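Q: Could we go through this structure together? I would like to begin with one residue and then turn to the whole.

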Amino acid sequence: MKRLDKLLTFCLDDRKIALYVSAVQRIIPMIEVSALPKAPEIVVGIINLQGTLIPVFDIRRRFRLPPREVHLDDQMIIATTAKRTVALIVDSVDDVIEIPHERIIAAEQILPELEYVEGVMKSESGMILIHDLEQFLSLPEEKALGEAMEALNPDERKEG
């Protein structure tokens, strides 16, 4: 019996990217993002989703895509990493697909030390990059984000 992987595909410009469905909590329409001082450059701010503060990432920067203004019809993918829940701004969410595991080419087979990509698969519409959420932040970025989130402690805000 073949192992099937479930992936959520989404678009950034004309590129298709995917995440493993197991990492995805939900998809929401674009909402207001508040600034998060001292956060790494890739973090555009935070959202308050049902009482939980979640950092919002502009993954266009990771894939070296040209910057663009956020549109009201953009979407956010709320996903879980080993360390935290994150929100990713995407142009649109496409579909959930199931593919045989052996159709995914590991990133190391394509280019050793390929960053932020776990694998690549071919589809009828072209290549789909599988985003590696666990390697998304460097250690200094992770530390800076942790400190910026810690600074949001409600007790500290009352004192300021």
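Q: Where does Met30 lie?
A: This is a predicted model. In it, Met30 is placed in the loop between β3 (24-29) and β4.

Q: Is Met30 buried or exposed?
A: Met30 has a relative accessible area of 15%. The limit for a buried residue is under 20%, so Met30 counts as buried.

Q: And which residues does Met30 touch?
A: Not counting residues up to four places away in sequence, Met30 touches Val70, His71, Leu72, Asp74, Gln75, Met76 and Ile89.

Q: Which residues touch the most other members of the largest nonpolar core?
A: They are Leu36, Phe57, Ile59 and Ile77, in a core of 32 residues. At least two residues of this core come from each of β1 (4-12), β2 (15-20), β4 (43-49), β6 (75-80), β7 (85-90), β10 (117-123) and α2 (139-150).

Q: What about the second core, which residues does it include?
A: That core is separate and has ten residues, among them Met30, Val56, Ala87 and Ile89. Ile89 is also one of the residues that Met30 touches.

Q: Back to Leu36: what does it touch?
A: With residues up to four places away in sequence left out, the list for Leu36 is Val43, Gly45, Ile46, Leu145, Ala148, Met149 and Leu152.

Q: Leu145 is on that list; how far apart are Met30 and Leu145 in space?
A: Their C-alpha atoms are 22 Å apart, and 115 residues separate Met30 from Leu145 in sequence.

Q: Changing topic, where is Glu141 found, and is it buried or exposed?
A: Glu141 belongs to helix α2. Its relative accessibility is 18%, so Glu141 counts as buried. Apart from neighbours within four places in sequence, Glu141 is in contact with Pro40, Ile42, Arg62 and Phe136.

Q: Now the overall fold: how many helices and strands are there?
A: The protein has three helices and eleven strands. From the N terminus on, the order is β-β-β-β-β-β-β-β-β-α-β-β-α-α.

Q: How much of the protein is buried?
A: Buried residues account for 44% of the 160 residues. The accessible surface is about 9,700 Å², and 51% of this surface belongs to carbon and sulfur atoms.

Q: Lastly, how far apart are the mean positions of the positive and negative charges?
A: The mean positions of the 19 positive and 28 negative charges are 1 Å apart.

Note on methods
Residues are numbered from 1 along each chain as its sequence is written. This is a predicted model: local features need pLDDT of at least 70, side-chain atom pairs count only at pLDDT 80 or more; totals for chains, interfaces and linings use all residues. Side-chain values use heavy atoms; hydrogens and water are left out. Helices (H or I, at least four residues) and strands (E, at least two) are DSSP runs, numbered from the N terminus. Buried means under 20% relative accessible area, exposed over 50%, partly exposed in between (1.4 Å probe, protein chains only). Accessible areas come from the Shrake-Rupley method with a 1.4 Å probe; for residues, only the protein chains shown count as cover. Lys and Arg count as positive and Asp and Glu as negative; His and the chain ends are not counted. The place of a charge is taken as NZ of Lys, CZ of Arg, CG of Asp or CD of Glu. A nonpolar core is a set of buried Ala, Val, Leu, Ile, Met, Phe, Trp, Tyr and Cys residues joined through side-chain atoms within 4.5 Å. Contact means heavy atoms within 4.5 Å.
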